[in-house]
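Subject: A structure for you to look at

Hello,

I am passing on a structure that will be new to you. Please open it first, and then read my notes alongside it.

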Amino acid sequence: MTTAVKWFSSDMRGAPTLSGTPGALIALLDACLITGFGPVTPTGITIAGGIATATLPSGQSFDEHAVVLVSGATPATLNGEARVLTSSSTQITFATTAADGAAGGSIEIRYAPVGGWEKVFTGTNKAVYRSLGVTGARHYLRVDDAGTLFARVRGYESMTDVDTGTGPFPTDTIMSGGGYWWGSAAAGTAAVRWKLFADSRTLLPAIAPYSYNWATNIAA
């Protein structure tokens, strides 16, 4: 089962919080593209017939169909990415080529990062990301997340630091300063709802900026 395309949601346990604060979007992109999030130590993993069953502390589970990253397990064939087949509050299952039996080791499971991305340059509430995929154009994505309501985003054909690049798109003629990714419709730490879909060459964020006051705005 392929795990190349991944999806993330603000509803996931341990998901990064997006809000009307500088740097919140960059923290979200770091977690989804580079590091993963929501690590947990299972109380045990058993394998039978190509299916691994991980028992987890109550409430520390993972969403069905999401991709998790297993590390520190013995046998080593259990380690790596796997898509969650079934999920409950205390267990998940996923396919594996590991032999039947109980797994050992210092095991950790987390939501897997997209992978295939690097964070090339950083600055104060600024970051530049780049796909590692050799079959793509490998252009640069610059994110300036210094504002409270939105980030300015722009692609570049090449860059030498977080603020310097050539071949910008969109150009200033098309949109001065680059594009906009709205984070929240209000400054502050109130969380907004979001989703992100990505593979090693493409990412698609979906943000609900008015959900910082979800119950009131839905009722209105």
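Asp30 is buried, at a relative accessible area of 18%. By that I mean that buried is under 20% relative accessible area, exposed is over 50% and partly exposed is in between, using a 1.4 Å probe and protein chains only. Beyond its neighbours within four places in sequence, Asp30 has contacts with Thr35, Lys119 and Tyr129, where contact means heavy atoms within 4.5 Å.

Before going further, please note that this is a predicted model, in which local features need pLDDT of at least 70 and side-chain atom pairs count only at pLDDT 80 or more, while totals for chains, interfaces and linings use all residues. Residues are numbered from 1 along each chain as its sequence is written, and side-chain values use heavy atoms, with hydrogens and water left out.

Now the overall picture. The protein has two helices and 20 strands, and its C-alpha atoms fill a box of roughly 60 × 45 × 25 Å along the principal axes. Of its 220 residues, 40% are buried. Among contacts with a separation of 6 or more, 61% are between residues 24 or more positions apart.

Strand S6 (residues 67-74) and S7 run antiparallel and are joined by four bridges; in one of them, Val68 has Ala82 of S7 as its bridge partner.

Another open sheet has five strands, in the order S8-S9-S5-S4-S10, and its pairing is antiparallel. Its edges are strand S8 (86-87) and strand S10 (101-102), each with a single partner strand, so one side of each is left without a neighbour in the sheet. S8 is joined to strand S9 (residues 91-95) by two bridges, and Thr86 has Thr93 in S9 as its bridge partner.

The core

The largest nonpolar core holds 48 residues, and Phe62, Leu78, Ile109 and Val143 touch the most other members. Such a core is a set of buried Ala, Val, Leu, Ile, Met, Phe, Trp, Tyr and Cys residues joined through side-chain atoms within 4.5 Å. Helix H1 (residues 24-35) gives the largest share of this core, eight residues. Apart from it there is another core of six residues, including Phe121, Val128, Tyr140 and Tyr156.

On a 1 Å grid over the protein atoms alone, a cavity is a set of points where a 1.4 Å probe fits but cannot get out, a pocket is an open set with protein on both sides within 12 Å along at least five of seven lines, and lining residues have an atom within 4 Å of a point. The largest pocket contains about 370 Å³ of space, a volume being the space filled by probe spheres set on the points, with grid points joined across faces, edges and corners. Its lining has 21 residues, of which Trp117, His139, Leu141, Arg201 and Thr202 lie nearest its centre. Strand S13 (126-131), strand S14 (140-144), S15 and S18 each give two or more residues to that lining.

There are also two cavities of 30 Å³ or more in the whole structure. The largest cavity has a volume of about 60 Å³, and among its 14 lining residues Ser19, Leu25, Asp145, Phe150 and Gly183 lie nearest its centre.

Backbone details

The peptide bond from Thr74 to Pro75 is cis, with omega near 10°, and Pro75 is in the loop between S6 and S7. His65, in the loop between strand S5 (51-55) and S6, has a positive phi near 80° without being a glycine; His65 is partly exposed, with a relative accessible area of 45%.

Best wishes

Conventions. Two strands pair if DSSP finds at least two bridges between them.
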